[in-house]
Amino acid sequence: MRLFFLLSLMLGVISCSTRGKLEYITAEGERKTACETEYTWEPPVDKYAVEYILSYCAKKAVQRGNKVVDESLVNLDLTIPLTPNGKPWTFDYAKGLHKINALSDKEYGYIIGYIDLGLNEE
């Protein structure tokens, strides 16, 4: 019974993951994949973290002269709100604001992607 519970729990965690990857075509016509990412803790937020990372990568791919397969990623506004305390974003600070509904799922997901890319340190 214990084994069944553990397997069920693992399956639940695996099935709750949000994944994505960027597909693009080089100037030479070669199809490539980049920026594979996955989040597994809060699906309504995870999808936005994945979206942020893929959009960021898509914009970089276009700057390098590539064509992105999902062009909608190139047009997303990746603006991150300023922190209310004036300091760089941290996971804990964003999580706290999200818990009190001071950040939407989208804002929180974008901030998670932003932090994971190391952009809060620039």
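Analyst: Two strands are said to pair if DSSP finds at least two bridges between them, and strands themselves are DSSP runs (E, at least two residues), just as helices are runs of H or I with at least four residues, both numbered from the N terminus. This is a predicted model, in which local features need pLDDT of at least 70 and side-chain atom pairs count only at pLDDT 80 or more, while totals for chains, interfaces and linings use all residues. Residues are numbered from 1 along each chain as its sequence is written, and side-chain values use heavy atoms, with hydrogens and water left out.

User: What makes β1 and β2 a pair of strands?

Analyst: The rule asks for at least two bridges, and 7 bridges join β1 to β2 in an antiparallel arrangement, so the two strands qualify as a pair. Within this pairing, Y24 stands opposite K32 in β2, and in the hairpin, which has 5 residues between the strands, G29 takes a positive phi near 90°.

User: Why do β1 and β3 count as paired?

Analyst: Strand β3 (residues 67-68) is joined to β1 by 2 bridges in the antiparallel sense, which meets the requirement of at least two. K67 in β3 is the bridge partner of I25.

User: Why is C57 called buried, and why is C35 called partly exposed?

Analyst: Buried means under 20% relative accessible area, exposed means over 50%, and partly exposed lies in between (1.4 Å probe, protein chains only). C57 has 11% and is therefore buried, whereas C35, with 28%, is partly exposed.

User: Why is the pair of Y48 and Y110 called edge-to-face?

Analyst: Rings of Phe, Tyr and Trp (its six-membered ring) pair if their centres lie within 6.5 Å, and planes under 30 degrees apart count as stacked, over 60 as edge-to-face and the rest as tilted. For Y48 and Y110 the centres are 6.4 Å apart and the planes 65° apart, so the pair is edge-to-face. Y48 lies in helix α2 and Y110 in helix α4, so the pair ties together parts 62 residues apart in sequence.
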